[in-house]
Amino acid sequence: MKGILLVSFGSTHERARKEEIDAVAERMQAAFPDALLVQAYTSGMIRRALAKRGVEVPSVSDALDEMLAQGVTDLLVQPTHIMPGDEHGRMLDAVKEKQGLFARVCVGDPLLATDADVAALVAIVGDRFSRAADTAVVLMGHGSENFANVVYAALDYRFKAVGRDDVYVGTVEAYPSIDDVMERMAPHGYARVVLAPLMLVAGDHAVNDMAGDEEDSWSSVLGAAGYETQCFVEGLGALAGVQDLYVAHARSAWEA
Ligand code: CO
């Protein structure tokens with residue numbers, strides 16, 4: 001029996017869970033109707049917070065046990081991670097521990113694992129936010145100490161390469177920072193900035209660090225610098241093109 005384990009970091013925001021994580025799961029299930037689809041969250045903090053509300057989402061390890069008990073032999077693990085960073089590595093370790101219990105195990109790529117993925121995401125997000133006069137689009141990635149973090153600068157570079165010099169990519173926790181982005185925006189004299197997360201979900205980072213009222217949120221910092229800001233609190237998982245990219249990664253892993 002075929003099974004798909006969809007692995008996400010997780011979120012405690014109900015709207016984000018539904019529209020940006022479950023939406024990917026639904027697209028995946030529709031693409032592989034014969035497979036048993038199970039979701040896991042890797043964040044223990046998020047799983048515990050959800051459990052207090054009566055929402056049980058298993059860890060990778062528990063989900064694999066559950067799938068074995070249900071008779072899954074042919075397993076596909078598909079992460080919703082953005083890049084092959086630390087979260088992704090920990091997921092691979094957890095899968096490795098139980099791998100021998102299945103007849104076959106394959107693992108799909110995260111959203112961005114190849115140059116073609118970077119180009120695909122640039123096209124999808126470029127379509128979502130079309131160019132407007134005197135307006136820059138600033139995308140907020142998460143950012144990581146992992147070397148995979150270079151993908152954010154690569155995305156920024158590729159937006160420019162396809163003629164979208166109005167699109168900038170920054171991160172909350174790593175390089176490029178919002179200061180780096182603002183420095184590069186400054187000579188262009190934009191009046192307005194459209195802000196959106198470059199994350200699977202629009203959770204705490206999007207709500208607080210991007211769109212929040214605190215003076216160090218990106219919206220506030222850009223506002224203080226004289227830009228009029230408009231925030232889109234919507235994660236990548238809500239975009240059909242992104243859901244399809246995960247499905248394509250799942251399909252190529254399974255058919256490999
Ligand atoms: Co974070």
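Histidine 142 counts as partly exposed, because its relative accessibility is 28%; partly exposed is the band between buried (under 20% relative accessible area) and exposed (over 50%), found with a 1.4 Å probe on protein chains only. This is a predicted model, where local features need pLDDT of at least 70, side-chain atom pairs count only at pLDDT 80 or more, and totals for chains, interfaces and linings use all residues. Residues are numbered from 1 along each chain as its sequence is written, and side-chain values use heavy atoms, with hydrogens and water left out.

**The cobalt site**

- The cobalt ion is coordinated by the NE2 atoms of His142 and His205, at 2.0 to 2.1 Å. Donors here are N, O and S atoms within 2.8 Å of the metal (3.2 Å for Na, K and Ca), and sites may look incomplete because water is not among the atoms.
- Histidine 142 sits in the loop between β5 (135-141) and α6 (150-161), while histidine 205 belongs to helix α8 (residues 204-210), so the two tie together parts that are 63 residues apart in sequence. Helix and strand names come from DSSP runs, numbered from the N terminus: helices are H or I with at least four residues, strands are E with at least two.

**The sheet with β1 to β4**

- Let's start with the strand order: four strands form an open sheet, β2-β1-β3-β4, with parallel pairing. Two strands pair if DSSP finds at least two bridges between them.
- β2 (36-41) and β4 (104-107) are the edge strands, each pairing on one side only.
- Direction ignored, neighbouring strands of this sheet are turned by 20° against each other on average. Axes are lines fitted to C-alpha atoms, for helices over the stretch in contact, and angles run from 0 to 180 degrees between N-to-C directions.
- Six bridges link β1 and β2 in the parallel sense, and valine 7 has alanine 40 in β2 as its bridge partner.
- Strand β3 (residues 74-79) runs parallel to β4 and is joined to it by four bridges; aspartate 74 has arginine 104 in β4 as its bridge partner.
- Six of the six residues of β2 are buried, so this strand is largely enclosed by the rest of the structure. Leu36, Val38 and Ala40 point one way from β2, and Leu37, Gln39 and Tyr41 point the other way.
- Helix α1 (residues 14-31) lies across β1 (2-8), β2 and β3, running at about 150° to β2. Contact means heavy atoms within 4.5 Å.

- The axes of helix α3 (residues 60-69) and helix α4 (residues 86-98) come within 9 Å and cross at roughly 35°.
- The contact is made by Val60, Ser61, Leu64 and Asp65 of α3 with Met91, Ala94, Val95 and Lys98 of α4.
- These contact residues divide into five nonpolar, one polar and two charged. Ala, Val, Leu, Ile, Met, Phe, Trp, Tyr, Cys and Pro count as nonpolar, Asp, Glu, Lys and Arg as charged, and the others, Gly among them, as polar.
- Is lysine 98 buried or exposed? Lysine 98 is buried, with a relative accessible area of 15%, and it touches Ser61, Leu64 and Asp65, not counting residues up to four places away in sequence.

**The sheet with β5 to β8**

- Here too, four strands form an open sheet with parallel pairing, in the order β6-β5-β7-β8.
- The edge strands are β6 and β8 (228-231), each of which pairs on one side only.
- From one strand to the next, the twist averages 25°.
- α6 packs on the sheet, touching β5 and β6, and its direction makes about 175° with that of β6.
- Four bridges join strand β7 (residues 192-197) to β8, and the two run parallel; valine 194 stands opposite glutamine 230 in β8.
- α7 lies across β5, β6 and β7, at about 160° to β6.

**Backbone details in loops**

- Tyrosine 175 and proline 176 are joined by a cis peptide bond, with omega at about -5°. Proline 176 is found in the loop between β6 (167-171) and α7 (178-185).
- Aspartate 134 has a positive phi, near 55°, in a residue other than glycine. Aspartate 134 lies in the loop between α5 (115-128) and β5, and it is partly exposed, with a relative accessible area of 48%.
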